[in-house]
Amino acid sequence: MALYIGVMSGTSLDGLDIALIEQSPAIKLIATHYTPMPDSLRAELLSLCASGPDEIARSAIAQQHWVELAAQGIHSLLQQQQLPTHDIRAIGSHGQTVRHEPSRGFTVQIGNPALLTELTGITVVSDFRSRDVAAGGQGAPLVPAFHEALFEQRTGNRAVLNIGGFSNLSLIEIAKPVSGFDCGPGNVLLDAWVQAQRGERFDRNGQWAASGQPDQTLLQSLLSDPFFATKGPKSTGREVFNLEWLQRHLAQHDAIPAEDVQATLLELTAMTIIESLQSAQSDTQELLVCGGGAHNTTLMNRLAALLPRAQVNSTAAYGVDPDWMEAMAFAWLAHCCLEGIAANRPSVTGARGLRVLGAIYPA
């Protein structure tokens, strides 16, 4: 039995998901812990996603605070489980993505793994994306290989959809290598708009979006972004889709009620997911959804309506909590790194070949 911890801080920046898994050889979720992100740290990390003054020093300080938060959460989890640190083989730490531009040959996740090792006394594996980018890949998404490991024994063609800040698909077909790609915005624009207009972190169950009607003219304007016309392998981030991007499109139209903008953004998320899926895997029999978007009832209903010939379910239907999928994935990626197992998929990222991902900071 080998125990690993995964730490995931996504583009929503709401907090850190920490998952403890057992790898023996099946993957089993043992325990979880959630650590909320302080408003001050969230604001600083968001600001680092764009150019600004004194970025190097600010980034160094922000990642120290991020690591302190992660270490506190890890110690809390271990205390809850009454586990000593030496029982944990490694921590897989994704860090916090502040820039992702594979077309320019780089991706940046801050998270000071050396400090995390010092604060926990546990081996840390981090920097999972860089090797794939160095091999000509997108460095994202990385979770399809993990989805394949979890669900490949199921029959039929299925897709696993993660809806975090951005949405990405893993396509699992019989007798074919897993494939996948980023579809576009997931919750990132929905969250940004509801926060700007109502001061709320997110639109609970999509209720505000459900109170409005999609504006078709605005929707077509948003869909005209060149990203949506590209085929995989592809990945994206806040460098492309952000509140400023939305405001530029809104400026080209007459005033639209705020709830209609929210409804339009939800339709954008749903349409780009389903159009991407149908283009890449037209005979999908089941769509399994994980990430925060799995709790958005309005979005889930819209996905089901746009994909009437397939079942649309949360991954909870197969005993995998949708909230912990990515944290579990980075725990598993740490296992793969230590075992020398290639965990990227060229069919997903476009890399020149299979690569072992991650940098190791021994305890």
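Guide: Helices are DSSP runs of H or I with at least four residues, strands are DSSP runs of E with at least two, and both are numbered from the N terminus. L246 is found in helix 9 under that scheme. This is a predicted model, in which local features need pLDDT of at least 70 and side-chain atom pairs count only at pLDDT 80 or more, while totals for chains, interfaces and linings use all residues. Residues are numbered from 1 along each chain as its sequence is written, and side-chain values use heavy atoms, with hydrogens and water left out.

Visitor: Why is L246 called buried?

Guide: Buried means under 20% relative accessible area, exposed means over 50%, and partly exposed lies in between (1.4 Å probe, protein chains only). L246 has a relative accessible area of 0%, so the residue is buried.

Visitor: What makes L338 partly exposed?

Guide: The relative accessible area of L338 is 24%, so the residue counts as partly exposed. L338 has its place in helix 12 (residues 325-339).

Visitor: Which residues does L246 touch, not counting those up to four places away in sequence?

Guide: Contact means heavy atoms within 4.5 Å. By that criterion L246 touches W193, L222, V261 and L265. For L338, once neighbours within four places in sequence are set aside, the contacts are Y4, R89, A90, V125 and I360.

Visitor: Why are the buried residues of helix 9 said to line one face?

Guide: In helix 9 (residues 243-250) the buried residues are W245, L246, H249 and L250. Seen down the helix axis, they fall within an arc of 140°, so they line one face of helix 9. The arc is that of the directions from the helix axis to the C-beta atoms. An α-helix has 3.6 residues a turn, so residues three or four places apart point the same way. The buried residues of helix 9 pack against helix 6 (188-198), helix 8 (216-223) and helix 10 (258-280).

Visitor: What makes the protein as compact as a globular protein of its length?

Guide: The secondary structure comes to 13 helices and 13 strands. The radius of gyration is 20 Å, close to the 21 Å that the globule rule gives for 363 residues, so the protein is as compact as a globular protein of that length. That radius is taken over C-alpha atoms, and the rule is 2.2 Å times the number of residues to the power 0.38. Buried residues make up 56% of the 363 residues.
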